[in-house]
Amino acid sequence: MAQMPALIPKEVEIQRLKKIYLMVIMLGSIAASVEVDNFVDGSLHQTAIRDSAFTPAHWWLYSHFIALPLGWGFVAMYDRRVPALRGPNNSMNTGLKITIIGYLATMFTIGINEMWHFWFVEEIFSVPNHWMFNMGVVVAFMGALAYVVRVYARLVELGAETPARNPYVAEMYKLALEGKLYSRSVP
């Protein structure tokens with residue numbers, strides 16, 4: 001990464017990056033609970049022939065697809081406070097953009113799903129309107145992974161410049177920056 005002038009103190013940037021990490025962990029746990037709800041919804045479809053957007057399993061599922069894009073939007077707003085995470089031409093980080101677009105796709109799929117089931121009653125998970133749920137979540141996870149790797153890389157960068165209290169940790173940072181942390185050539 002190219003050298004960037006320090007726009008904010010390192011301690012402040014580290015604290016902001018840690019807050020972003022906490023927000024990402026919270027949003028990741030919400031996204032993981034969507035997977036649990038997929039099983040709940042699937043078992044409901046085994047017992048009920050047709051349900052609607054107002055069944056309790058869909059309340060839980062659909063609320064995630066509204067909360068996640070909003071939550072990542074809040075991360076994007078807070079992300080503006082860390083200049084090193086900005087994307088090309090001072091824009092939003094690319095991984096963050098991809099994450100928000102993926103979750104927005106799932107949010108708009110809710111309406112498409114209900115219109116589909118208004119005309120076609122079958123509740124099969126291989127119909128095209130369910131593809132958009134899956135593709136949106138996969139795109140969002142890819143973007144979130146790229147963003148988390150970028151935040152982590154910046155934390156490692158800053159951690160190497162600030163002295164660690166534990167000399168073993170300081171040595172690990174040094175090896176990581178040299179690219180030797182997981183190398184077999186380290187004596």
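Helices (H or I, at least four residues) and strands (E, at least two) are DSSP runs, numbered from the N terminus. Keep that in mind as you move through this predicted model, where local features need pLDDT of at least 70, side-chain atom pairs count only at pLDDT 80 or more, and totals for chains, interfaces and linings use all residues. Residues are numbered from 1 along each chain as its sequence is written, and side-chain values use heavy atoms, with hydrogens and water left out.

**Stop 1: the whole chain**

Show the cartoon. The protein has 5 helices and 0 strands. Along the sequence the pattern reads α-α-α-α-α. Now colour by burial. Buried means under 20% relative accessible area, exposed over 50%, and partly exposed in between (1.4 Å probe, protein chains only). Of the 187 residues in the protein, 37% are buried.

**Stop 2: Tyr78**

Select Tyr78. This residue belongs to helix H2. Is Tyr78 buried or exposed? Tyr78 is buried, at a relative accessible area of 14%. Tyr78 and Arg16 are 62 residues apart along the chain, and their C-alpha atoms are separated by 8.4 Å.

**Stop 3: the salt bridges**

Side chains of opposite charge can pair when their charged atoms come close. A salt bridge here is a side-chain nitrogen of Lys or Arg within 4 Å of a carboxyl oxygen of Asp or Glu. How many salt bridges does a search of the whole structure find? It finds 2.

Select Arg154 and Glu13. Their side chains meet in a salt bridge, at 2.8 Å from N to O. Arg154 sits in helix H4 and Glu13 in helix H1, so this pair ties together parts that are 141 residues apart in sequence. Arg154 and Glu13 are both buried.

Glu157 and Arg154 both lie in helix H4, 3 residues apart, about one turn of the helix. Glu157 and Arg154 are both buried. Through shared partners, salt bridges join Glu13, Arg154 and Glu157 into one network.

**Stop 4: the largest pocket**

Rolling a probe the size of a water molecule over the atoms shows where empty space is left. The search uses a 1 Å grid over the protein atoms alone. A cavity is a set of points where a 1.4 Å probe fits but cannot get out; a pocket is an open set with protein on both sides within 12 Å along at least five of seven lines. Lining residues have an atom within 4 Å of a point. Grid points are joined across faces, edges and corners, and a volume is the space filled by probe spheres set on the points.

The largest pocket has a volume of about 420 Å³. Select Asn38, Leu61, Phe65, Phe133 and Asn134. Among the 22 lining residues, these five lie nearest the centre of the pocket. Which helices each supply at least two residues of the lining? They are H1 (10-47), H2 (56-79), H3 (94-119) and H4 (128-161). H1 gives the most, with 8 residues.

Colour the lining by type. Ala, Val, Leu, Ile, Met, Phe, Trp, Tyr, Cys and Pro count as nonpolar, Asp, Glu, Lys and Arg as charged, and the others, Gly among them, as polar. The lining divides into 12 nonpolar, 7 polar and 3 charged residues.

**Stop 5: the nonpolar patch**

Show the surface. Patches are made of residues with over 30% relative accessible area and no salt bridge; like charges are joined within 9 Å, and nonpolar side chains (Val, Leu, Ile, Met, Phe, Trp, Tyr) within 5 Å. Accessible areas come from the Shrake-Rupley method with a 1.4 Å probe, and for residues only the protein chains shown count as cover.

Select Ile112, Met115, Phe118, Trp119, Phe120, Trp131, Met132 and Met135. They make a nonpolar surface patch of about 910 Å². H3 and H4 are the elements that give two or more residues to this patch. The largest share, 4 residues, comes from H3. Zoom in on Trp119, which is found in helix H3. Trp119 counts as exposed, at 58% relative accessibility.

**Stop 6**

Most residues other than glycine have a negative phi. Select Asn90, in the loop between H2 and H3. Its phi is near 60°, a positive value in a residue other than glycine. Asn90 is partly exposed, with a relative accessible area of 45%.

Move to Thr94, in helix H3. Thr94 is partly exposed, at 42%.

Finish at Gly136, in helix H4. Gly136 is buried, with a relative accessible area of 4%. Gly136 and Ile100 are 36 residues apart in sequence and 9.5 Å apart in space, C-alpha to C-alpha.
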